[in-house]
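The sequence and the structure are shown below.

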Amino acid sequence: MGAVDWERVEDELGVPLPDDYKWLSERYGPGGFDDFMTILHPHSQFWPTRLVDAAERAAELLEQMPESLQKKVPYRIDHLLAVGKTDNGDTIYWVTEPEAASDEWTVTANGARNTKWPHFDGGVVEFLVAVLSGTTRMDVFPGDFPSARPAFAPEPDPETVRRRPRARRPDCSTPEGASG
């Protein structure tokens, strides 16, 4: 995986990142928690979970939301920076206030199919500990999350991920003269 060039990542994002996130990224690397939640990582081999790419895409989606939905977001949209996602399409954000003091950022989440924005008053590592231990419940996540024994699984190596061949579509046409 190699060391993360934090200066480059922060330049690309335009903000300094919290120390707890850097610690988590360096210790765990890319991967997911409890087969459900992924914390975005600068070195992910998959663009949907690569920090800069995923954060930029999440920002685009927030900006493209209809104004009626933007009004339901309890934060300034330009103060939300994606830091994680779930298999259900939920997004976990840092609330980047105060911008110059990233170690004071808090966390919120938004469900893919609702307008709830539950808030967690702590950083991303505290958030993971609280959610995975069950001491904090985020009502945008399903009731069966976390499992009784949540674990971290490293991201698979893209070279070893077997791609299934696409199923061939049946030919719906019948040759002339053939009964169908």
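The sections that follow treat the overall fold, the central strand pairings, the pockets and the core.

## Overall architecture

The coordinates come from a predicted model. The protein chain contains 5 helices and 7 strands, and along the sequence these elements follow the pattern α-α-β-β-α-α-β-β-β-β-α-β.

Of the 180 residues in the protein chain, 42% are buried. When contacts between residues at least 6 apart in sequence are considered, 51% of them join residues at least 24 apart.

Strand β4 spans residues 91-95 and is mostly covered, with 5 of its 5 residues buried. The side chains divide between two directions: T91, Y93 and V95 point one way, while I92 and W94 point the other way. Burial therefore applies to both sets, since each of these residues falls under 20% relative accessible area.

β4 has a pairing with strand β3 (residues 80-86), which is antiparallel and runs over 5 bridges. In this pairing L80 stands opposite V95 of β4. The two strands form a hairpin with 4 residues between them, and G89, located in the turn, has a positive phi of about 90 degrees.

β4 also pairs with strand β5 (residues 106-110), again in the antiparallel sense and over 5 bridges. Here T91 stands opposite N110 in β5.

## The largest pocket

The largest pocket has a volume of about 440 Å³. It is lined by 25 residues, of which L61, G89, T91, Y93 and N110 are the closest to its centre. The elements giving two or more residues to this lining are α3 (51-64), β3 and β4.

By class, the lining of the largest pocket comprises 14 nonpolar, 7 polar and 4 charged residues.

## The second largest pocket

The second largest pocket has a volume of about 280 Å³. Its lining consists of 17 residues, and those closest to the centre are A55, A59, D78, L80 and L81. L80, one of this group, is the residue that stands opposite V95 in β4.

At least two lining residues are supplied by each of α1 (6-13), α3 and β3. The largest share of the lining of this second pocket, 6 residues, comes from α3. By class, the lining of the second largest pocket divides into 11 nonpolar, 1 polar and 5 charged residues.

## The nonpolar core

The largest nonpolar core holds 45 residues, and the members touching the most others are L13, L17, Y21, M37, W94, F127 and F141. At least two residues of this core are supplied by each of α1, α2 (19-28), β2 (37-39), α3, β3, β4, β5 and α5 (124-133).

L13 is in contact with L51, V52, A55 and L81 when its neighbours within four places in sequence are left aside. Among these partners, A55 and L81 are also listed with the residues closest to the centre of the second largest pocket.

Key:
Residues numbered from 1 in each chain as written. Predicted model: local features only at pLDDT ≥ 70, side-chain atom pairs only at ≥ 80, totals over all residues. Heavy atoms only, no water. Buried < 20%, exposed > 50% of the residue type's maximum accessible area, 1.4 Å probe, protein only. Pairing = 2+ DSSP bridges. 1 Å grid on protein atoms, 1.4 Å probe; cavity = no way out; pocket = protein on both sides within 12 Å on 5 of 7 lines; lining within 4 Å. Points joined across faces, edges and corners; volume = space filled by probe spheres on them. Nonpolar A, V, L, I, M, F, W, Y, C, P; charged D, E, K, R; others polar. Core = buried A, V, L, I, M, F, W, Y, C linked by side-chain atoms within 4.5 Å. Contact = heavy atoms within 4.5 Å.
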